[in-house]
Amino acid sequence: MKVLIIEDEKDLAEIIKEGLEKQTFAVDLCFDGEEGLFMAETYAYDAVVLDIMLPVMDGLTLLKKLRAKKITVPVLMLTARGTMADKVKGLDTGADDYLVKPFEFPELISRLKAIIRRNRRESSSFISVDDLTIDMNARSVKRNNREIRLSSKEYNILLHLALNRGRVISRSRLAEHIYDIDFDLDSNIIDVYINYLRNKIDKGNSRKLIHTVRGAGYMIKGDR
Ligand code: CA
């Protein structure tokens, strides 16, 4: 999952980035509102962590512009100001949730995961494709009740395919999704990971879930 952090306190931004990366999120950082708006409009993120007090353009203005362009990425607002008026304003502007500094990191994580889930209209943390089940909270994967151990990159690719089940996802979108954008995007690496995933998930099973769509990318789908 990929998150954009727009926060001008660089130390705090770096701490959040490191913490999220430990949770295997891919993270981009921006330190002012204008750059943040550009990034949020240009790249696909699973969520945005947005500070209110920012240079060049404040967070509420940024959010207003983002929503005016029908970009519905879930936004977690972050701010030192904890008054009720600010919370209401943030939520009215289109924020999905609101966290007051200073905050505990686990709370940031759980709220971030919650808004990502809500955005996907998944009421639980489980996603199923046929007899494959992904538990997003536990980051565990089972097929036919057998636990499958995946590396974090394999997991992220599988999760992204599963969240878009039945839809073709291009190699470059998959690559973009699991790496920071400054990573030199070699989407051939995706073929390698897909091979690993096939060996772990589809090998020896008569019903294949991971499908190659020639010239387009990959798709996960099942009968159920
Ligand atoms: Ca700030």
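**Basis.** I worked from a predicted model, in which local features need pLDDT of at least 70 and side-chain atom pairs count only at pLDDT 80 or more, while totals for chains, interfaces and linings use all residues. Residues are numbered from 1 along each chain as its sequence is written, and side-chain values use heavy atoms, with hydrogens and water left out.

**Calcium site.** I asked which protein atoms are donors of the calcium ion. They belong to Asp8 (OD), Asp51 (OD) and Met53 (O), and they lie 2.1 to 2.3 Å from the ion. Donors are N, O and S atoms within 2.8 Å of the metal (3.2 Å for Na, K and Ca); water is not among the atoms, so sites may look incomplete. I then looked up accessibility, where buried means under 20% relative accessible area, exposed over 50%, and partly exposed in between (1.4 Å probe, protein chains only). Aspartate 51 is buried at 3%, whereas methionine 53 is exposed at 51%.

**Rings.** I found 1 aromatic pair in the structure. It is formed by tyrosine 193 and tyrosine 196, with 6.0 Å centre to centre and 75 degrees between the planes, and is edge-to-face. Rings of Phe, Tyr and Trp (its six-membered ring) pair if their centres lie within 6.5 Å; planes under 30 degrees apart count as stacked, over 60 as edge-to-face and the rest as tilted. Both tyrosine 193 and tyrosine 196 lie in helix H8 (residues 188–201), 3 residues apart, about one turn of the helix. Helices (H or I, at least four residues) and strands (E, at least two) are DSSP runs, numbered from the N terminus. Tyrosine 193 is buried at 15%, and tyrosine 196 is partly exposed at 41%.

I also noted that the charged end of lysine 10 sits over the ring of phenylalanine 31, 4.6 Å from its centre. This term requires NZ of Lys or CZ of Arg within 6 Å of the ring centre and within 35 degrees of the ring normal.

**Loops.** Where does a cis peptide bond occur? I found one joining lysine 101 and proline 102, with omega about -5 degrees. Proline 102 is in the loop between strand S5 (97–100) and H5.

Next I looked up residues with a positive phi. Arginine 139, which is not a glycine, has a phi of about 55 degrees. It lies in the loop between strand S7 (132–135) and strand S8 (140–143) and is partly exposed at 29%. Asparagine 145, also not a glycine, has a positive phi of about 70 degrees. Its place is the loop between S8 and strand S9 (146–148), and asparagine 145 is exposed at 71%.

My last entry concerns glycine 215, in the loop between strand S10 (210–213) and strand S11 (217–220). Glycine 215 is exposed at 87%. From C-alpha to C-alpha, glycine 215 and serine 170 are 8.7 Å apart in space, while 45 residues separate them in sequence.
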